[in-house]
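Open the model in your viewer and keep the selection panel at hand.

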Amino acid sequence: MNRPDTKLGDEEARALALERYDVLDTGPERPFENIVSLVEQTLRVPICAVSLVDRHRQWFKARRGLDVSETPRDISFCTHAIRQPDAFVVNDATVHPTFRDNPLVTGEPHIRAYLGIPLKTPEGYQVGSLCAIDTQIRGWASHEIAILTNFAKIVVDELELRQIASSDGLTGAMTRRAWTEVAEAEIKRATRYGRSLCLAILDIDNFKSVNDTYGHPAGDIVIQQLAGMGMELMRRSDRFGRLGGEEFALVIPEAELAEAKLFAERLRKEFADKELDIGEKGTIHCTISIGIAEWTPSENLEGLMARADKCLYAAKRGGRNRTVVAGPYDTAIGSES
């Protein structure tokens, strides 16, 4: 007797699994574009998409035949697809009790037939679907379902590879490239919804002397410890990346300067107090300096990072082991040590 899959009903864990991919609101990427092109050509459908089902919307990582990049979740066919263990099949949406009054059926794009294969992570969470859509009533053959199922597995493989490529090998933090993509997406979201956002840049004080005195393996340990503490203390919605060497950045969505400053000060103080075990050479103490800038509406990532960087250097000039902050329209305006 088959037991029900409890992961199908765990919406919070499913949403977190999607968030871990850090793929929402990112730009087009060739592997996903290739997959939807193959679906379009192989199944001869006018519409297809890699659909990722967020908490309140479905967002298309790649799409053909659709003019929008997302739709509300409550009208999404793919919301129903991720609740199924296997393929979700609709042959005629106009008579389907769930979909006959759906605005995507009664209006553009006039969906008639739908085939969706859940995108199941290795842990078993269904984060979206690979869907094929026809504007004509259509029965889906078993070999068509098999084809789309195989393509869906490739989509998940690409999501996994993308995540590996976006993680820094030493620390597990996001790579500079991946962090930059996410930070730009967060600025777009803040612009769209009129939300606040802060960005912090931090690095280890006198790091060269750590390498010169104790060796590069000890320096790597210090970098790893800082990254681990930063990722442990940050909120679930924050994104922590390694810009290079001993320098890191954190984007803090929906936070004003005071909240970002509290986080920075907690991290700074806890890191300064921590005994860092560097192996045979015992333990050492290190400190960090942090610069924070609050986003100004219409400001791009480059400008925001430049202001945070000015604050970081102000912290260095002020004696290190301190946080310097800038409001939306200021450079370095205040500090704590």
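Two residues are in contact when heavy atoms of theirs lie within 4.5 Å. Among contacts between residues at least 6 apart in sequence, 63% join residues at least 24 apart. Bear in mind that this is a predicted model.

**Stop 1: the whole protein**

Select everything. The C-alpha trace spans about 70 × 45 × 35 Å along its principal axes. Colour by secondary structure: there are 10 helices and 14 strands. Now show the surface. How many of the 337 residues count as buried? The share is 52%.

**Stop 2: α2 against α5**

Hide the surface. Select residues 30-43, helix α2, and residues 142-165, helix α5. Look along the pair. Their axes come within 10 Å and cross at roughly 175°. Angles over 145 degrees count as roughly antiparallel, so α2 is roughly antiparallel to α5.

From α2, the contact takes in P31, F32, I35, L38, V39, T42 and L43. From α5, pick E144, I147, L148, F151, I154, V155, E158, L159 and R162. Colour these residues by class: 12 are nonpolar, one is polar and three are charged.

**Stop 3: R64**

Move to strand β2, residues 57-64, and select R64. Which side chain does the side chain of R64 meet in a polar contact? Show S37: the two side chains make that contact at 2.8 Å. Then widen the selection around R64. Leaving aside neighbours within four places in sequence, R64 touches E33, V36, S37, E40, P46, I47 and C48.

**Stop 4: α7 against α8**

Clear the view. Select helix α7, residues 207-214, and helix α8, residues 216-233. At what angle do α7 and α8 pack? The angle is about 140°, and the axes are 7 Å apart. Angles over 145 degrees would count as roughly antiparallel, and 65 to 115 as roughly perpendicular.

F207, V210, N211 and Y214 make the contact from α7. H216, A218, G219, V222 and I223 make the contact from α8. By class, this contact has six nonpolar and three polar residues, and no charged ones.

**Last look**

The contact of α2 with α5 includes three charged residues, whereas the contact of α7 with α8 has none.

Terms used: Residues numbered from 1 in each chain as written. Predicted model: local features only at pLDDT ≥ 70, side-chain atom pairs only at ≥ 80, totals over all residues. Heavy atoms only, no water. Axes fitted to C-alpha atoms, helices over the stretch in contact; angles between N-to-C directions. Helix = DSSP H or I, 4+ residues; strand = E, 2+ residues; numbered from the N terminus. Parallel < 35°, antiparallel > 145°, perpendicular 65-115°, else oblique. Nonpolar A, V, L, I, M, F, W, Y, C, P; charged D, E, K, R; others polar. Buried < 20%, exposed > 50% of the residue type's maximum accessible area, 1.4 Å probe, protein only. Polar contact = N/O pair within 3.5 Å; in protein donor to acceptor, adjacent residues only side chain to side chain.
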